[in-house]
Structures are given as structure tokens and as C-alpha cells.
Amino acid sequence: MLPVRRALVSVFDKAGLEDLGSGLADLGVEIISTGGTARRLAEHGVPVTAVSDVTGHSEILHGRVKSLHPRIFGGILADRRRPEHEAELEQHEIPPIDLVAVNLYAFAAAAAAPDATVGSTVEMIDIGGPSMVRAAAKNFANVAVVVDPADYPRILEALRSGGGLPEEFRRELALKAFRYTRSYDAAIADWLANGTGAPARDEPSPLPESVRLELEQVLAPRYGENPHQGAAVYREVGGGGVLGGFRQLQGRELSWNNMLDADAARKLSALFGAADDDPAVVIVKHNNPCGVGRGASLVEAYERALACDPVSAFGSIIAVNRPFPEPLAGAMAKLFVEVIVAPSFDADALERLGRKKNLRLFECPPFSAADGAYELRAVDGGFIAQHLDSAPEDPREWTCPTRAQPDETQLRALDFAWRVCRATKSNAIVVTNEHQTVGIGAGQMSRVDSCRIALDKAQLPLAGTVAASDAFFPFRDGVDTLAEAGVRAIVQPGGSVRDDEVIAAADEHGVAMLLTGRRHFKH
């Protein structure tokens, strides 16, 4: 048990400072402090000794050097289990420090500020703070370190109830401190690696030479993809949170599969932006869309999405690109749904959806990929990385090599089909009309098989529909299959050695074909 007689308090984030300071003072703890922290404590009537009074030296270099002194670090680092250390402290008249309460300059926030410069950001690189934190954490056998204001009440409670801080608690605080400084240093390294404010590039920046992953567990599903697999959900420390920082408003605990499907549904719904597009509804099953619709209202969009494949929609995940209204809750009443993802829910919609106690409701901000964002996927022994497939598409840049040219209605339908196709597992074929998916063939080893599955799944008329293919047609058989079923326009990347043969097949059928020049494999 470590009694606390002397504490060093120096914090940038001053949340909870007054309570900590007054609580320590009431317990008879001597407090030494620096600059703004000392002033804040004094303003609230907390007795405090300035670090400069301890070191006998004023702060220098505009505050860059104030705590880096043997009279501070000797008091923190002395191992009091060793008589020779105790003797040296006495020889140099250095009182030991029992508690170090320090948090660091807000470097990440400073670097992200719109008006940040290299000079201003460099000044937010803390030196003395991390040194004190690491010293105290190293010496947790003799010193307690606290970097998180949320831990102040636990510190005070332990001192009030037990008269000291147990070793297990000090070890826990030390672990938290080292993780804190690790994250802090990594943020600085990332800033330096990213060019320290260099001009933006026209193309995505190169992938980093090294990648730091700092994750903390936020959820523990009952199991993974299958009941015999353990599972956990982690968020990136310092990031925006899982699924953009979602809130679960109701429903039973999440599963691993729920999280993957919710992520897929949210990302696909983001391809139908709220500002420029009609209300849209996305229905996802096993990471693939099984119905997408748009309309004048979310109810109309839902009915169109459901009509594509009402059987597969059972037990699905649904995402919308607008606030979720009560009429949509009524329209969905008869369908069993696992999760609904929306930017927000109207109060009357929540009341109605609340009648299904197990239905999970996710309130998520719309997905948006940052410039240069990349994703990681685990493989045995490491990870592979790639930039997100998030570049915008402009149908006006597509070329049409066929004699038949798409009309405006077909162009709108092709744009719709192409958006859905890029979010569908390859090999992907998506058949649509202007407002909804008609048939989806996903994840097949043969492209012509994907064509056949998309047509076989169709519950709506195929005559006059359009189709999208995520990659080129290696043979003309896919075009023949689609055209013979009634598809009248096709969008695909092109680039096959048999492009001429494929285009000729489209001409034979009187089908318009657009080439995007960009593939959208999704493995």
C-alpha cells in the first residue's frame, strides 16, 4: 500500500482538476505544480508549490524547459526499496514524489486544426509531460501515475478509504500511462510521416511504410461467425468510433455478422447521398445487397427494394439515407429484420419500432471516406492494405462504343445499377430499372453464372432493364444471356482482349453499352 504525501500535478486537460486538488489538500497531501495548473489550483484556494520553487530555477525557453530537473525526476524515479537511493535523496535534499497526475498537450487536435502550421503544431509536442509520465509508470512500485481525469475519483476514494494506493491499482495505472504515451508518440510520428502540412496531392498518397494499430475492445458478441468462435469488436483509439461512432438505440446484443452486414449496408446507402439523390433503402444479407430501391419517399423506396427479393429480405439488415420516419416503420411491420441503420430516427418511429424488442436500431452518421483512407485485411502472418474504393464516378465520362445509345432514362438506370454493383461481391452482375434492383448475381466464380443467377432471381419484369458488371466480360456469352432476357443497356469497365467481340454482340442485340474504364472488384 503506497501512502501519498506529495503529489506532482501538471495537466493540459484540466477537467476534474479542482476536485483532485482540493481532495488531495484535504488529505494533507503537498501539491507541486507548473504554470497554468498551479494558477488554476491557487484560484480555487488549493495550497500549491511551484515547480520552480522546488528546482530553484525558473522556466526557460518559453516554457520548453520547466520540469526537466534532478529535483523532480529524482523524486519520481527513486526506488525506495534500495537504501542507497534513499541515501541519495537525503544527500541532495530531494523529497520523494508519491503521485504524478499529468496529461499532455493536445497534439492531435492542434495538428488537425484548420489554421495549423508546422511551427504551431511542433510547439504542441510535449516533452516534459511524457518524461514525467514514463518515469512514474516505470517506478510504479513506488509511485502512482494518473493520466486520465476519469481516474481521479478512484484515486481519492482509495486514499480516503484505505490510506494508500494498492500495488495492483498502481500497475493498472502504469499500463494505462504507457499506452497513453505510446499513442501520443505515434500521433506525432504519423504527422511527420504524412508530410507535416505538405500540399494535398491530386492522387492518393502512398500507403504508409509502417502502420500502427491501437485498438480497444468496445463490444463482446456472444460468438463470431459461428457459435464455436470467440469474438470481440474493437475501435481504433483516437478514431471516430466503430461505424462512425454508432449508437444502439434498442434491441438485443449484437453479433459479429450484424456488425459486418451493418457496415456493408451503411457504405452502400452512402452511395445514394442525402443531398443530391432520392430517398433510398438498402437491404443487405450476408454482406451483399438483396434489394435496393429509391423513390419519392422512403416508404416507396423500401417497397421497391423489397420487391427485388422478398424471400432473401427475411432476417436482413436495412439501411436508409434519410432520417427514419414512422410511416416506414409501419411499412416494415410484417418483415423480420435484424438491424436497421439510419442517420436518425423520428420519435414516433422509435415508439413503433420499440414494439419489436429484439430489433436492433443503429443511429449512425453517413459513411464518408477521408482523403487517402485505406483498409487493412488480415492474412496469415500479416495484413494487406489498399486505398478505399471510394472515388466518385461521373457517368458523363463513360464512353459508348455501340451503335445503340442509351436514352436519359437508361442513363439514370445505368448509374443506379453501377452504384449497387460496386458494393456487391465479385463476380457481380446487377440488373435494375430506373428505380430498383431487379436481379442480383453475386460472388460467383463465372461471370456468365452471375448473369444467369441475376436473371433467375428476378421477381420483376426484365424487359427494358439495364445491367452492370463489376469487371469486363471475358466472353460474349454474358451479353448474350442478358440481352436475350430483355436487358437493353449494359455498363461495364471494358478492357478485355475480347472487347471487340463483346461490343459486336451488343450491336447484334441492339443493346447500348457504356464503358467506365474502372473496375470494381469486391472480394
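## Two helices side by side

The axes of helix H9, which spans residues 152-162, and helix H10, which spans residues 167-193, come within 12 Å and cross at roughly 165°. This description, like everything that follows, rests on a predicted model. Angles over 145 degrees count as roughly antiparallel, and H9 and H10 are therefore roughly antiparallel to each other.

The crossing of H9 and H10 is left-handed. Where the helices meet, Arg154, Ile155 and Ala158 are the residues on the H9 side, and Phe169, Glu172 and Leu173 are those on the H10 side. Sorted by class, this contact of H9 with H10 has 4 nonpolar and 2 charged residues, with no polar residues.

## The nonpolar cores

The largest nonpolar core holds 39 residues, and of these Leu243, Phe246, Met259, Val341 and Phe362 touch the most other members. Two or more residues come from each of several elements, including helix H11 (256-269), strand S9 (280-285), strand S12 (337-342) and helix H15 (408-421). The element that gives the most to this core is H15, with 7 residues.

Apart from this core lies another, of 28 residues, and among them are Val54, Leu104, Phe140 and Tyr184. To return to Leu243, its contacts, not counting residues up to four places away in sequence, are Met259, Ala262, Asp263, Arg266, Phe362, Cys364 and Pro365.

Arg252 is found in the loop between strand S8, residues 247-250, and H11. Its relative accessibility is 37%, and Arg252 therefore counts as partly exposed, a class that lies between under 20% for buried and over 50% for exposed.

When neighbours within four places in sequence are left aside, Arg252 is in contact with Glu338, Lys357, Asn358 and Arg360. Asp148 stands 104 residues apart from Arg252 along the chain, and the C-alpha atoms of these two residues are separated by 31 Å.

Another loop residue, Asp470, lies between S18 and helix H17, the latter covering residues 477-485. At 0% relative accessibility, Asp470 counts as buried.

What is Asp470 in contact with, leaving aside its neighbours within four places in sequence? The residues in contact with Asp470 are Trp418, Cys421, Ser426, Asn427, Ala428, Arg447, Pro493, Arg519, His520, Phe521 and Lys522.

Conventions
Residues are numbered from 1 along each chain as its sequence is written. This is a predicted model: local features need pLDDT of at least 70, side-chain atom pairs count only at pLDDT 80 or more; totals for chains, interfaces and linings use all residues. Side-chain values use heavy atoms; hydrogens and water are left out. Axes are lines fitted to C-alpha atoms, for helices over the stretch in contact, and angles run from 0 to 180 degrees between N-to-C directions. Helices (H or I, at least four residues) and strands (E, at least two) are DSSP runs, numbered from the N terminus. Angles under 35 degrees count as roughly parallel, over 145 as roughly antiparallel, 65 to 115 as roughly perpendicular and the rest as oblique. A crossing is left-handed if the near helix is turned anticlockwise from the far one by less than a right angle, and right-handed if clockwise. Contact means heavy atoms within 4.5 Å. Ala, Val, Leu, Ile, Met, Phe, Trp, Tyr, Cys and Pro count as nonpolar, Asp, Glu, Lys and Arg as charged, and the others, Gly among them, as polar. A nonpolar core is a set of buried Ala, Val, Leu, Ile, Met, Phe, Trp, Tyr and Cys residues joined through side-chain atoms within 4.5 Å. Buried means under 20% relative accessible area, exposed over 50%, partly exposed in between (1.4 Å probe, protein chains only).
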